[in-house]
Amino acid sequence: ARITTRSLPALKAFLEGESLLRRAEFDGAIAAYQRAIAADSTFAFALYHLGHAYSWTTNGADEDYRLMMESLQRARRYADRLPEREALLLRAALAAQVTSIGLLQEATRKYPDDADAWYMLGENSFHGGEQALVAQGESDQALRKAVELDPGFALSYVHLVNNAFMYQPDSARAAHLIDAFHRLAPTLSDHSRIAFGLAFG
């Protein structure tokens with residue numbers, strides 16, 4: 001009911017994309033979400049998650065950024081098909097950073113068991129918290145909650161590791177987080193191991 005498609009091939013491809021995204025295998029996730037959308041062009045949840053996957057591949061590349069925004073805008077077109085929780089997360093993904101943080105704070109109050117909402121709050125607070133007058137510690141708290149609810153979602157660890165370097169530096173905590181991150185996403189976590197050596201020797 002939360003995923004909102006009646007197409008079995010679309011659902012199967014979407015779930016494959018979710019599994020790959022959880023392991024930070026972005027190219028595979030993007031291909032799977034694209035197959036889901038090919039099977040059901042109105043599949044708002046797949047469009048939304050396709051945009052999320054593209055957000056991790058942009059690296060400043062104009063084409064990937066365009067594809068990310070195009071996917072999110074297409075998801076908005078079918079947002080009325082989404083349950084309230086997913087519609088709120090989509091609105092947050094499309095909003096400016098300061099507005100987004102407010103929407104995600106609302107989402108975590110309404111749905112305190114939703115790891116995606118906590119992850120997005122932590123992610124946006126890490127990047128835009130200063131403009132929204134959100135302390136860096138709030139990013140850390142939100143990401144810790146996301147990991148507590150869903151310890152297998154690799155992307156929740158990215159800025160937790162960053163915070164262990166920058167916000168109350170703690171080599172033991174950083175090492176523990178990097179090990180957990182590496183088990184889930186060996187390639188994406190490589191830079192964290194290098195950073196650990198530089199930061200703590």
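**Group meeting: aromatic rings, a core and a helix pair**

Phe45 counts as buried, because its relative accessibility is 8%. Buried here means under 20% relative accessible area, exposed means over 50%, and partly exposed is what falls in between, with a 1.4 Å probe and protein chains only.

Some bookkeeping. This is a predicted model, in which local features need pLDDT of at least 70 and side-chain atom pairs count only at pLDDT 80 or more, while totals for chains, interfaces and linings use all residues. Residues are numbered from 1 along each chain as its sequence is written, and side-chain values use heavy atoms, with hydrogens and water left out.

I will start with the aromatic rings. A pair of aromatic rings is described by the distance of the centres and the angle of the planes. Rings of Phe, Tyr and Trp (for Trp, the six-membered ring) pair if their centres lie within 6.5 Å; planes under 30 degrees apart are stacked, over 60 edge-to-face, and the rest tilted.

How many aromatic pairs does a search of the whole structure find? The number is 9. In one of them, Phe14 and Phe43, the ring centres are 5.3 Å apart and the planes stand at 40 degrees, so this pair is tilted. Phe14 sits in helix H1 and Phe43 in the loop between H2 and H3, 29 residues apart, so the pair links distant parts of the chain. Helices here are DSSP runs of H or I with at least four residues, strands are runs of E with at least two, and the numbering goes from the N terminus. Phe14 is buried, with a relative accessible area of 1%, and Phe43 is buried too, at 0%.

Phe45 comes back here, with Tyr48 as its partner: the ring centres are 6.1 Å apart and the planes are at 50 degrees, so the pair is tilted. Both residues belong to helix H3, and because they are 3 residues apart, about one helical turn separates them. Tyr48 is buried, with a relative accessible area of 6%. Phe14, Tyr33, Phe43, Phe45 and Tyr48 together form one aromatic cluster.

Next, the core. A nonpolar core is a set of buried Ala, Val, Leu, Ile, Met, Phe, Trp, Tyr and Cys residues joined through side-chain atoms within 4.5 Å. Which residues touch the most other members of the largest nonpolar core? Among its 64 residues, they are Tyr48, Leu90, Tyr119 and Leu155. Helix H3, residues 44–55, gives the most to this core, with 8 residues.

Contact means heavy atoms within 4.5 Å. Beyond its neighbours within four places in sequence, Tyr48 is in contact with Leu72, Ala75, Leu89, Leu90, Ala93 and Met120. Leu90, counted in that way, touches residues including Tyr48, Leu72 and Arg76. Tyr48 and Ala79 are 31 residues apart along the chain, and their C-alpha atoms are separated by 9.5 Å.

Now a helix pair. Two packed helices are described by the angle between their axes and the distance between the axes. The axes are lines fitted to C-alpha atoms, for helices over the stretch in contact, and angles run from 0 to 180 degrees between N-to-C directions. For H9 (residues 156–166) and H11 (residues 190–200), the axes come within 11 Å and cross at roughly 5 degrees. H9 is therefore roughly parallel to H11; angles under 35 degrees get that name, over 145 is roughly antiparallel, 65 to 115 roughly perpendicular, and the rest oblique.

H9 contributes Val161, Ala164 and Phe165 to the contact, and H11 contributes Ser192, Ala195, Phe196, Ala199 and Phe200. These residues divide into 7 nonpolar, 1 polar and no charged. Nonpolar covers Ala, Val, Leu, Ile, Met, Phe, Trp, Tyr, Cys and Pro; charged covers Asp, Glu, Lys and Arg; the others, Gly among them, are polar.

To finish, the loop between helix H1 (8–22) and helix H2 (26–39), where Ala24 is found. Ala24 has a positive phi of about 65 degrees although it is not a glycine. Is Ala24 buried or exposed? Ala24 is buried, with a relative accessible area of 12%. Glu25, in the loop between H1 and H2, is partly exposed at 37%. Glu25 and Ala154 are 129 residues apart in sequence and 9.9 Å apart in space, C-alpha to C-alpha.
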